[in-house]
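The exercises below ask you to read packing and strand pairing from a set of coordinates. Keep the sequence and the model open side by side while you work through each solution.

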Amino acid sequence: MLLVVCHIGFAKNALGQNNIDGLRIWPSPNTTRLVFDLTNTPKFTYFPLANPERLVLDIENTAKNFDFSKVNNESNLVKKVRYSKAKNANSIRVVIELSKKLDKNVFALQPTKPYGNRLVIDFTDTSAPTAPQIVLDAKSSNNRDIVIVLDAGHGGEDPGSIGPSKSYEKNVTLGISKRLATLINKEKGLKAIMTRTGDYYISPNARPQIARKHKADLFVSVHADAFTTPQPSGASVWVLSMKRANSELGRWIERTERHSELLGGAAEVIQNTANERYLAEALLDMSMDHSLTTSYDLSRDVIKQLGRVTKMHKKTPQAASLAVLTSPDIPSILVETGFISNPKEEKNLNWSAYRQKLAQSIFSGIKEHFKSSPPDGSLWAKWKQETRTHKVRSGESLSLLAQRYNVSLSQLKQVNNLRSDVVKIGQVLTIPRT
Ligand SMILES: [Zn+2]
């Protein structure tokens with residue numbers, strides 16, 4: 001049945017006139033993606049023009065009926081999109097005015113729900129400064145920050161899963177990730193870097209590369225789950241597996257992640273064989289064992305904390321070969337914060353207090369892990385070496401002990417994970433050395 005429908009559709013498309021149904025402009029700091037939504041598969045050619053920089057796009061068999069002036073454009077790279085005199089009566093010429101010389105990648109994408117035919121243009125500013133040197137050299141320092149790269153899943157034209165009330169996963173993941181980043185950056189010795197800070201697309205392959213660039217100690221990808229039925233609920237934590245996914249649901253997730261990979265970055269996936277080569281090399285890396293063990297231990301700490309604020313869909317770490325968990329050398333976890341396909345959880349995931357609770361519990365899990373196993377060269381490793389303990393006796397208060405050991409009250413509370421100033425007799429406190 002489906003085949004017949006597709007066939008008729010194709011026959012009609014082949015004969016029919018094409019239309020631009022929409023234009024979406026997705027800016028990120030150093031790139032901008034333009035997506036033209038089209039009724040049919042586009043037949044196009046393009047060429048660049050300099051002084052001023054432009055990209056000229058000719059699309060055949062297409063009418064000039066879409067108004068570019070109404071499109072929201074917040075890009076610093078793309079100044080304007082407009083029509084120009086077409087080369088013949090059947091085609092249109094679109095001129096994209098650029099603010100400077102940019103790398104371009106132009107390709108068409110087949111219809112994939114929820115999108116139809118698309119013509120995609122990626123502009124990249126290769127002259128933009130990369131990460132500051134101070135971050136790249138972080139690991140050489142003796143009391144460096146522990147670097148945690150937070151990856152808000154999906155973004156831009158890739159909405160991720162869509163809930164029954166039309167909530168987009170990409171917004172949920174960004175909301176939770178931003179809260180998590182704030183918590184991490186408030187903590188001395190920890191530093192959070194986000195793969196995206198706004199609503200724009202980054203390919204699944206590029207995300208772990210950001211972690212590598214920043215020499216991350218940990219990569220945390222934040223997602224919300226979905227299933228074909230509304231019943232499943234709860235959170236789960238995933239780690240990289242060399243084997244195939246170990247459950248039916250795992251395979252399902254694997255497929256949807258691939259799906260969004262195709263949705264947003266088909267051209268890149270096909271063109272970029274360097275990634276595969278890298279992966280093969282990295283598999284031989286001796287650091288892999290350590291990284292996988294760390295990922296597994298950490299995911300258990302995160303599950304323990306998440307279990308205090310939400311139901312766990314899976315009580316043990318799950319292993320899968322997900323697109324963003326491709327760094328065998330960097331401890332990496334993927335947190336599915338809940339099922340957006342479950343109406344109750346969708347509501348929760350949209351609630352800011354609930355997002356804060358989730359962020360707080362993921363944070364507690366990360367903190368607990370790095371407190372007991374701080375990475376070499378980090379400030380926390382130094383603190384751990386320098387710590388002593390004290391057993392609380394009758395009549396001793398926290399402020400008294402802080403005074404006696406010549407440490408600040410806040411540091412004493414932080415090191416011991418205390419929320420109040422109350423201590424019990426017999427309680428063993430960690431005393432940081434000054
Ligand atoms: Zn996702």
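**Exercise 1. How many residues does the largest nonpolar core have, and which residues have the most contacts inside it?**

Solution. The model is a predicted one, in which local features need pLDDT of at least 70, side-chain atom pairs count only at pLDDT 80 or more, and totals for chains, interfaces and linings use all residues. Residues are numbered from 1 along each chain as its sequence is written.

Step 1. Begin with burial: a residue is buried if 20 or more other C-beta atoms lie within 10 Å of its own, exposed if 12 or fewer, and partly exposed in between, with C-beta atoms placed from the backbone. Buried residues make up 36% of the 434 residues in the protein.

Step 2. A nonpolar core is a set of buried Ala, Val, Leu, Ile, Met, Phe, Trp, Tyr and Cys residues joined through C-beta atoms within 7 Å. The largest such core has 48 residues, and those with the most contacts inside it are Ile 148, Leu 150, Val 302, Ile 333, Val 335 and Ile 362.

Step 3. Several elements each supply at least two residues of this core, among them strand S9 (146-152), helix H3 (169-186), helix H7 (287-309) and strand S14 (332-339); helices (H or I, at least four residues) and strands (E, at least two) are DSSP runs, numbered from the N terminus. A second, separate core of 28 residues includes Leu 34, Leu 102, Leu 109 and Leu 119.

**Exercise 2. Is Glu 345 buried or exposed?**

Solution. Step 1. Glu 345 lies in helix H8. Glu 345 is buried because 25 other C-beta atoms lie within 10 Å.

Step 1. Not counting residues up to four places away in sequence, Glu 345 touches Ser 233, Gly 338, Phe 339 and Ile 340. The C-alpha atoms of Glu 345 and Thr 310, which are 35 residues apart along the chain, are separated by 9.7 Å.

**Exercise 3. In which order do four strands form an open sheet?**

Solution. Step 1. Two strands pair if DSSP finds at least two bridges between them. The order is S3-S4-S6-S5, with antiparallel pairing, and the edge strands, S3 (44-49) and S5 (78-84), each pair on one side only.

Step 1. S3 and S4 pair over six bridges, with Arg 54 in S4 as the bridge partner of Leu 49. Four residues lie between these two strands in a hairpin, where Asn 51 in the turn has a positive phi of about 50°.

Step 2. S4 (residues 54-59) and S6 (residues 92-98) also pair over six bridges, and Arg 93 in S6 is the bridge partner of Asp 58.

Methods. Contact = placed C-beta atoms within 7 Å.
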